[in-house]
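Please find below a short note on the model under review. The points concern the ligand site and then the overall fold.

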Amino acid sequence: MFTRIAGRYDLMNSVMTGGRHHAWRRLTAEAVAAAPDGPALDLATGTGDLALAVRHAAPRRTVVGADFAEAMLRAAQPKLAARGERRVPLLAADALALPFRARAFACVTSAFLLRNLADLPAGLAEMRRVTMPGGLVAALEITRPGVPGWDAIFGLYFNRLVPLIGAAVARDRAAYTYLPQSVERFVTPAELARLMTAAGLRDVCYRRFALGTIALHIGRA
Ligand SMILES: C[S@@+](CC[C@H](N)C(=O)[O-])C[C@H]1O[C@@H](n2cnc3c(N)ncnc32)[C@H](O)[C@@H]1O
């Protein structure tokens with residue numbers, strides 16, 4: 001699915017969020033800027049936007065961008081080249097079986113990955129495994145607002161309008177029908193915090209923004 005939509009992925013993000021998605025990634029990057037010295041891993045980097053934000057927030061850090069959809073990585077390449085970015089190596093890899101040694105990274109970030117994982121606890125355990133002691137794991141995700149009334153309005157936009165926008169802009173209604181469905185069946189922010197703790201992360205906390213539709217979780221390895 002991500003291979004199919006790679007070419008229109010960035011455009012769809014901007015249309016769906018009114019351009020706000022860059023600000024959410026900036027907040028994620030700022031949240032890990034204080035991680036210990038060492039390389040970062042942006043897991044499921046897609047077209048590389050969060051990897052670039054992490055580089056911007058901590059210019060001395062190398063950021064490895066990994067994703068299992070090579071078409072997404074191919075879409076990231078010209079963007080990185082246009083910025084003259086030489087410290088974001090890209091790598092095809094599965095988040096559930098990362099080809100890195102334990103404790104290799106000072107921080108591990110992901111944006112809009114977790115609800116796509118076939119095995120969420122296993123994915124969190126992999127993130128924890130490759131993060132050095134004292135390092136940070138940050139996860140940005142879409143979430144149901146959980147506020148009566150607003151939930152219904154958000155549901156209307158996300159379940160009804162987004163598939164139509166996906167059909168018109170990305171020419172892939174199925175992918176943008178899957179998107180709200182994946183949010184619908186994903187765990188709540190409080191449940192995700194518990195799962196991160198169960199994966200061995202400490203001091204797990206989260207904040208919500210975009211009227212409760214986006215959650216940023218941080219934990220320490
Ligand atoms: C919604 S996109 C997010 C891309 C990017 N992080 C962003 O902020 O725009 C989800 C990405 O997760 C990747 N992905 C999903 N499951 C994965 C897995 N098990 N291993 C690696 N990448 C995965 C997809 O290929 C896709 O690029």
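**Ligand site and overall fold**

1. The space taken by the ligand is the largest pocket. A pocket is an open set of points on a 1 Å grid over the protein atoms alone, with protein on both sides within 12 Å along at least five of seven lines; a molecule sits in it if more than half of its atoms lie within 2 Å of its grid points.

2. This is a predicted model, in which local features need pLDDT of at least 70 and side-chain atom pairs pLDDT 80 or more, while totals for chains, interfaces and linings use all residues. Residues are numbered from 1 along each chain as its sequence is written, and side-chain values use heavy atoms, without hydrogens and water.

3. Around the ligand there are 18 residues (a heavy atom within 4 Å), of which Tyr-9, Arg-25, Ala-44, Asp-67 and Ala-95 come nearest. This shell comprises 12 nonpolar, 3 polar and 3 charged residues, with Asp, Glu, Lys and Arg counted as charged and Gly as polar.

4. A backbone N or O atom of Ala-44 lies at 2.7 Å, a polar side-chain atom of Asp-94 at 2.9 Å, and a polar backbone atom of Ala-111 at 2.9 Å. The protein buries 97% of the 590 Å² that the ligand exposes when taken alone (Shrake-Rupley method, 1.4 Å probe).

5. The protein has 9 helices and 7 strands (DSSP runs of at least four and at least two residues, respectively). Its radius of gyration over C-alpha atoms is 16 Å, close to the 17 Å that the globule rule (2.2 Å times the number of residues to the power 0.38) gives for 221 residues, so the protein is as compact as a globular protein of that length.

Methods:
A polar contact is a pair of N or O atoms within 3.5 Å; within protein, one must be able to donate a hydrogen and the other to accept it, and residues adjacent in sequence count only if both atoms are side-chain atoms. On a 1 Å grid over the protein atoms alone, a cavity is a set of points where a 1.4 Å probe fits but cannot get out, and a pocket is an open set with protein on both sides within 12 Å along at least five of seven lines; lining residues have an atom within 4 Å of a point.
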